[in-house]
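Good morning, and thank you for making time for this presentation. Please keep the structure in view while I speak.

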Amino acid sequence: SPWKPVLLLLRPPAFSTTCARCAKDRRLRQKRAISERQLTRYFVDQRKVRVVGGQGGGGGHSFYSEPRKVFGGPDGGNGGDGGHVILKADQQMKSLSSVFPFYQGFHGGRGGSKNCYGANGAHTYVKVPVGTLVKEDGRVVADLTQHGEEYIAAYGGAGGKGNRFFLSNENRAPTLFTPGEPGQERVLHLELKTTAHAGLVGFPNAGKSSLLRAISRAKPAVAAYPFTTLNPHVGIVHYQDYEQVAVADIPGLIKGAHQNRGLGMAFLKHIERCRFLLYVVDLSVPQPWIQLQDLKYELEEYEKGLSERPCVVIGNKIDLAQSRINLPLLREQVSERVIALSALTGDNLEELLLHLRELYDIYVKSEQSRGQSPVKW
């Protein structure tokens, strides 16, 4: 048939005929590497926020009138309520950097004629990270520790009453109507405390960041100088049964951290949320058990009972000759379990991962026995 070539031309091509030069690059672009110094601008764990609820709509003022019913009486409806300002915990949020210093709810609509009520103002939702403390005048008013948990930071004002509301036998034609009430106004202080199952605690250059990079996909900065890590990093350890254990790399502590020396209080507070602790000590230094004693002292001075949480001692840098000499001495000095490994070469990481899962299972069972839901990632 002479139409066959035409039909073949009308068929859609089996492949794209766009030239390679004009085709859009559909490859997944990797995120631009951000240095630890630049990351400090994006990681914010404290924020002062002024919140104002939406103002209620004013009441309506009108009288019903139509042919053969001129004096139909008042029919002004009530105004709508103002919208609330609501803080909502979201797992996708990792910092308070996206929280603005001022939020206001939407205003309610004004009441209309024919007894029509004004529309309520929409609520304003502010997403905050899980583990956000809400304080007012130094007093904790909310603790958002679960995904989806909400807290009404500022209530919207009530809508005004229309003149229909004031109708009575004594006053058949009221002209009185009330304006909407203003919304609640508050000044709140938001404070983020990192929520993780395990916390890596140690002095600078003990190898915490290298260890987190070895057991998870987190990429904290690693360098041969102290205070390389300036922000808490959270890495997720995946297991074959799809359980996920969150491990937080707390920036290095120094002696006197509980007195706000070094990074001090700014990062000691992130240890409060950790359910169990991983003490990382450098086995290559003389008397590594002194590091453990100093770390426990700093934690105990910051908060009583913090150093008594379930823990394990990780002796890092076992690939060095001096570390192999100090390992048996460390085990004699401490009563906790000691896991010797090398975050650089990956030696004995399996023992840490297995013990980390044991600590996680104990935590889950203890929370379930108390009737509470454990934190999941």
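Predicted model: local features only at pLDDT ≥ 70, side-chain atom pairs only at ≥ 80, totals over all residues.

Glu-136 is buried, with a relative accessible area of 18%. The partner of Glu-136 is Arg-186, and their side chains meet in a salt bridge with an N to O distance of 2.6 Å. Is Arg-186 buried or exposed? At 10% relative accessibility, Arg-186 counts as buried, because the cut-off for that class is under 20%.

By the rule applied here, the count comes to 11 salt bridges, and I shall take some of the others in turn. Lys-127 forms one with Asp-90, the closest N and O atoms being 3.6 Å apart. This pair, too, links distant parts of the chain, with Lys-127 in strand E4, residues 124–129, Asp-90 in strand E2, residues 85–90, and a separation of 37 residues. How do the two partners stand in accessibility? Lys-127 is partly exposed at 49%, whereas Asp-90 is buried, with a relative accessible area of 12%.

Next, Glu-351 and Arg-337 form a salt bridge in which the closest N and O atoms are 3.1 Å apart. Glu-351 lies in helix H7, residues 349–369, while Arg-337 lies in the loop between helix H6, 321–333, and strand E14, 338–340; the partners are 14 residues apart and join distant parts of the chain. Glu-351 is partly exposed, at 26% relative accessible area, and Arg-337 is likewise partly exposed, at 39%.

Which residues are linked in a network of salt bridges? They are Asp-241, Arg-357 and Asp-361.

Arg-357 brings us back to H7, where it is among the buried residues. The helix has 21 residues and reaches 31 Å from its first C-alpha to its last, close to the 30 Å expected at 1.5 Å a residue. Its buried positions include Leu-349, Leu-352, His-355, Leu-356, Leu-359, Tyr-360, Tyr-363, Val-364 and Glu-367. Just after H7, Gly-371 takes a positive phi of about 80°.

I turn now to strand E12, residues 276–282. How many of its seven residues are buried? Seven of the seven are, and the strand is therefore mostly covered, given that buried means under 20% relative accessible area. Both faces are covered: Phe-276, Leu-278, Val-280 and Asp-282 are buried on one side, and Leu-277, Tyr-279 and Val-281 on the other.

As to its neighbours, E12 runs parallel to strand E9, residues 198–201, and four bridges join the two. Within that pairing, Ala-198 stands opposite Phe-276. E12 also pairs with strand E13, residues 311–316, again in the parallel sense, over six bridges. Here Leu-277 stands opposite Cys-311. Which helix makes a β-α-β unit with E12 and E13? That is helix H5, residues 289–302, and the unit is right-handed.

Terms used
Residues numbered from 1 in each chain as written. Heavy atoms only, no water. Buried < 20%, exposed > 50% of the residue type's maximum accessible area, 1.4 Å probe, protein only. Pairing = 2+ DSSP bridges. Right-handed = clockwise from strand over helix to strand, strands pointing away. Salt bridge = Lys/Arg side-chain N within 4 Å of Asp/Glu carboxyl O. Expected span 1.5 Å × (residues − 1).
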